[in-house]
Amino acid sequence: SFFRCFVALSRHKLACNLTPRRFFCMSMLRALGVQALLFCCPGRTHPPCGNSAQFSSWLWPTVSHVKARRAFSASDCIPRDGMDNAELTWQLFCRVQLPASPKMNKQVAHLVDLVVLQAPSFDAETLGKCVSALSRSRLNLNNRTVWKVLAERTVEVARQQVSSFDRLAVSMCVIGFSRVVFLCSHRELWETLRGMALLAREEMGRQEISNCVAGFCKIRLLVGDRVLWRALAKAAASVVPEMNPQHAANCVNGFSKVEGLFGEQYLWEALSSAVVALRHSMSIRELSNCVNGFSKVELLLGNERLWRALARKVRSVHEQMNPQDIGSCVSSFSKVTFLLTDKNLWDALNRAALWAAEDMNAQQLANCVNGFSKVHLLLSSETLWSSLSEMVIKEVQRMLPQHIGNCVNAFSKIRHLLDDENLWRSLGGAASTMANHLTSQGVANMVNGFSKVELLLGDRSIWDPLGKAAVSVIGEMIPQNTANCVNGFSKADSLLKNVKLWETLGDAVVAQ
């Protein structure tokens with residue numbers, strides 16, 4: 001047990017801000033059955049001593065960097081009548097890091113009850129620690145009572161003295177509250193956190209900025225806030241050279257969700273250079289997030305140095321990728337024109353998709369189908385397309401309208417699948433039930449795809465709903481989609497006498 005802990009700690013030392021000069025064992029402290037190790041920060045010649053509250057004050061400042069904290073919990077005994085706030089947050093933090101068990105869940109539940117009781121006395125620092133710790137407990141992310149209390153207390157303390165929230169407390173609250181789905185629409189809370197983040201942004205380091213970007217990008221109320229995002233972009237650009245792989249991936253993923261930043265060349269050039277330099281140290285998930293994020297920024301789609309570097313890295317790790325990462329990379333790389341002829345890259349992704357096809361969910365399958373259909377090198381691969389079509393038939397009822405549209409459009413390009421009645425009847429049935437929920441792009445994709453399948457040209461159960469859907473969204477269509485609809489509907493005999501449809505399409509053509 002000692003050896004495993006020591007090895008695990010030693011692997012983390014290069015990633016720490018405070019590079020440890022040596023490790024030591026604190027007499028194999030027993031904490032909930034786990035033998036704990038703590039490591040020494042530079043300049044400290046002996047382990048700290050005292051109760052867990054004192055341990056807390058020593059370790060919390062390095063909470064973002066000291067991975068050893070997971071193994072330590074001060075005591076197996078929790079007072080039933082409350083405890084000091086510092087003690088409470090420390091106890092909670094330790095327990096949510098440890099493996100779940102009936103006993104552990106019971107202890108965490110008791111601590112959560114104490115948080116609700118003691119929250120009115122929490123200051124800014126305690127709130128930040130408590131929110132950060134509790135957000136790591138999946139069992140409690142839906143506990144509306146405790147989260148409502150913490151949100152109200154955060155707003156209250158900010159009103160009384162906003163300056164009491166330092167950069168660390170602000171970033172902990174942002175990333176913590178963003179993990180709680182039902183709080184993402186809490187306008188008062190997020191406006192308060194937005195204001196505090198703007199005040200503290202100039203003092204924030206790479207970790208705090210990364211947390212704020214990763215948290216705020218999940219909040220629809222703030223995604224269009226140009227003041228907030230421009231401020232975060234400038235702050236992030238100034239510390240990009242100091243970022244580690246996780247920080248860089250969080251920033252790429254977060255900023256890529258804000259369309260208002262797509263034209264900020266200084267930001268994307270800094271992030272792309274950092275990712276190229278850090279790519280060999282990235283985990284597969286971090287790499288996948290960067291590939292997905294950069295693919296949304298049109299400014300970068302021509303950056304050959306960036307994309308060649310990412311493609312080489314993906315090729316080297318494709319065997320370890322999970323279905324989510326595979327789907328994301330296939331979809332993203334298919335947007336980069338000069339990579340569509342990179343045989344080595346697509347062969348690697350082809351193999352990865354075949355291995356993982358049975359484990360893919362509806363969205364991952366749709367991403368793969370849509371992405372691979374743009375790669376001419378793979379259009380004749382019967383093995384790949386037969387495997388994907390079989391899985392789509394199984395998952396078609398779980399797919400969203402957008403996924404169905406992408407699959408219809410993609411499979412219509414594969415010649416040997418045009419006679420697969422089972423596939424097209426499945427897609428046609430799903431399309432007819434979802435027609436009322438289609439966007440203009442979804443309608444155009446389906447009309448364009450189904451019009452190439454002779455098996456379906458006389459099927460009114462498919463074409464009539466699509467005709468009605470087209471009439472309702474024709475005003476939102478771009479010229480190419482309108483042209484696809486005119487061409488596609490002209491092949492469906494059942495719609496040739498639909499006066500309303502053709503008048504609507506004619507007006508759209510004239511207007512465009």
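Setting aside neighbours within four places in sequence, Ser132 is in contact with Met172 and Arg179. This comes from a predicted model. Ser132 sits in helix α5, which covers residues 124–134. Its relative accessibility is 5%, and because buried means under 20%, Ser132 counts as buried.

Helix α3 runs over residues 85–97. At 1.5 Å a residue, its 13 residues should span 18 Å, and the end C-alpha atoms are 19 Å apart, which agrees. Twelve of the 13 residues of α3 are buried, so the helix is largely enclosed by the rest of the structure. Among the buried residues are Trp90, Leu92, Phe93 and Val96, together with Glu87 and Arg95. The N-terminal end of α3 is capped by Asp84. A side-chain oxygen of Asp84 lies 3.0 Å from the backbone nitrogen of Ala86.

Next comes a pocket. Rolling a probe the size of a water molecule over the atoms shows where empty space is left. The second largest pocket holds about 660 Å³ of space. Its lining consists of 24 residues, and those nearest the centre are Asn292, Ser328, Ser331, Gln363 and Asn367. Which classes of residue make up this lining? The lining has one nonpolar, 17 polar and six charged residues.

Methods: Residues numbered from 1 in each chain as written. Predicted model: local features only at pLDDT ≥ 70, side-chain atom pairs only at ≥ 80, totals over all residues. Heavy atoms only, no water. Helix = DSSP H or I, 4+ residues; strand = E, 2+ residues; numbered from the N terminus. Expected span 1.5 Å × (residues − 1). Buried < 20%, exposed > 50% of the residue type's maximum accessible area, 1.4 Å probe, protein only. Polar contact = N/O pair within 3.5 Å; in protein donor to acceptor, adjacent residues only side chain to side chain. 1 Å grid on protein atoms, 1.4 Å probe; cavity = no way out; pocket = protein on both sides within 12 Å on 5 of 7 lines; lining within 4 Å. Points joined across faces, edges and corners; volume = space filled by probe spheres on them. Nonpolar A, V, L, I, M, F, W, Y, C, P; charged D, E, K, R; others polar. Contact = heavy atoms within 4.5 Å.
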